[in-house]
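The sequence and structure come first.

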Amino acid sequence: MTSAKTVISLLSVFFVAVSTAWALPQRLIIGMDGISYRDMKALQEGVVYTNFWGVVRRHGFGLDEGYFPVSRMVSTFPSTSDVAWTDIFGNRPLPGYQRTFYSVAANSEIAINGLTSTMEHERQMQWQSESDLTRSMGYIYSVHVYEYEVREMVNSFWKATGTNFYAYVRSSDDAQHMDRDVFTLLCYMDQKLQELRARYRAIEGHDLQILIISDHGHNHAGRGERVQIIPFLEKNGYQVARSIQHSNEVVLPTSGIEDWIEIHNSPSETERLAEKLVHLKGTDVITARIQPGRFLVLNSQNERAVIDWDAMSNAFRYSTVNGDPLRYGPVAQALGREGKLDARGFATADNWMKATMTNHYPLALQRIVRGLTRVTLNPATILVSLDNHYVHAAALINAGSKLESTESTHGALDDINSLGIVLSNFTSTHDTSTDRVAGYFGNFSGLREYRAEENGAEWVNKPEQSRARIKRDPFDWSYKSLPNNQIFLRVWSPDLARAGDDTLHASIVKLSGASADAGPDPVSLQPSVLHEQNYTFGPATSLARNFESAYERIYPCPTNLSLEPSSVYQISGWAENGGKSAARFEFSFNTDDEGKPVAY
Ligand SMILES: [Zn+2]
Ligand SMILES: [Zn+2]
């Protein structure tokens, strides 16, 4: 006993430079934003190309280094970061595809501050660049920010414990938007990982397991022409608005420069509007939800098909009406010959996946259907995938904006936008998709439990929480005991594990009135302290005992909560712990047309 302890303490002195050497993670999982399958494949095989400096030869992540051949990871549709990462980790879907989104319950466009707010998939990382400065600089000094991020990631790895270490490198995407050379970025990562692996091997006596995944591709299509969607809609009798009061009003949430468009409209208009969009210059494929299980696919040549979805068996049928907009006719015939279509003409999602993985529009049926129903809590009625030579940008993006010089983008349905990567040095990988990849890697266990380490709060309800695909927090199970159609305040903080008293104090102030005439950005509005209302929340709801969490509480709304309809409010709250305020939180929210807080 004593001698073993002595050996361990001697070892700890010896390895003090690398902290707890024997407890280093077994696996490093890097979420590398926006790395295309075709780029990683080219680099693995060795690529010769010409850039500003002349002819360049590059080779990286090779089989000689122990990497397996890279596999495809088919993104969501739209093939955008927040949507795809949320799907990869199986998290509860986000309220919208973008950080400006349309909330059905609030009937309002809502803006989250994209630079300072952090999404769940980012908080779950053991390491990500958290500095707002780095993030806003990402577009300007992309290569420096990128190299800084990679070095910081490596530094924090040496301080880590736990089996899996998750890191998120965001600037690989920013750099490509700015037309930086993706092979240079990848080779830098490769080199830093070689150094890391060599040092790790010397300490641990075996190789570090590395898994690199990305969320979508990048089109490298050059500066696209801006699609004239707003004049087009106006010419066709529609009005772009922040809420939908009349059947001619549409909401068009937009952030950044992208090659897809989301449209929210009154359901009675969906088919008519989709048919009109065929004539919008720059469109490639138009997809629309026309019934709960029925979706329309149109393209710029006015070809037309219908997708039917059997949600129970997760099976799809593709029926061409005029032409074949997805070029899936031959695929359906082949599935028929192989006996993979049922009597109604449906094939399972997995059979469609195998048959369309290398198609120009990979996994299009499941991605269109999920894009218009499941990947966000407020799906659009129409999603437009643009031709790669066109982009959609917010009207207010002005000259000199950091986004103005975008040379590459993503979001569309086709392969160059949609194919991300799965790359490993410890297991051969398979072509997969954002909703399937977790199944190959133990459902990505060991993500950071940020709710046990940070303060926060949100409004939740049962239908919303049931949408988390991979259960991780106790609440992912215990929500089932909540009543339907009632809203709750969920509060989390390490303080709550210590606080004895359940009572929560909150003050609520109105930020703005009826959302239809709210200003352009609710985030910039100042609370009016004159109208502060104070409430007491508690006691907390008791949930199924096995799933009680020490660090979070679920509170019913106080019965005297009285808020105005269709407004924006800010809530600040705290728990009392031995005379001190604990678990402090603050967030803004919208109310519905009855004055109830909206969860999403
Ligand atoms: Zn991304
Ligand atoms: Zn991007």
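How many helices and strands does the chain have?

## Model and overall make-up

The chain has 16 helices and 30 strands, where helices (H or I, at least four residues) and strands (E, at least two) are DSSP runs numbered from the N terminus. This is a predicted model, in which local features need pLDDT of at least 70 and side-chain atom pairs count only at pLDDT 80 or more, while totals for chains, interfaces and linings use all residues. Residues are numbered from 1 along each chain as its sequence is written, and chains are lettered from A and ligands numbered from 1 in the order in which they are written.

Of the 600 residues in the chain, 44% are buried (20 or more other C-beta atoms within 10 Å of a residue's own, C-beta atoms being placed from the backbone).

## Helices H11 and H12

The axes of H11 (residues 329-337) and H12 (residues 349-356) come within 10 Å and cross at roughly 120 degrees; axes are lines fitted to C-alpha atoms, for helices over the stretch in contact, and angles run from 0 to 180 degrees between N-to-C directions.

Val331, Ala334 and Leu335 in H11 meet Asn351, Ala355 and Thr356 in H12, a contact meaning C-beta atoms, placed from the backbone, within 7 Å.

## The sheet S27-S26-S29-S30

Four strands form an open sheet in the order S27-S26-S29-S30, with antiparallel pairing; two strands pair if DSSP finds at least two bridges between them. Its edge strands, S27 (533-537) and S30 (580-590), each pair on one side only. Neighbouring strands of this sheet are turned by 20 degrees against each other on average, direction ignored.

Strand S26 (residues 504-512) is joined to S27 by 5 bridges, and the two run antiparallel. Tyr535 in S27 is the bridge partner of Ala506.

Methods. Contact = placed C-beta atoms within 7 Å. Buried ≥ 20, exposed ≤ 12 C-beta atoms within 10 Å, placed from the backbone.
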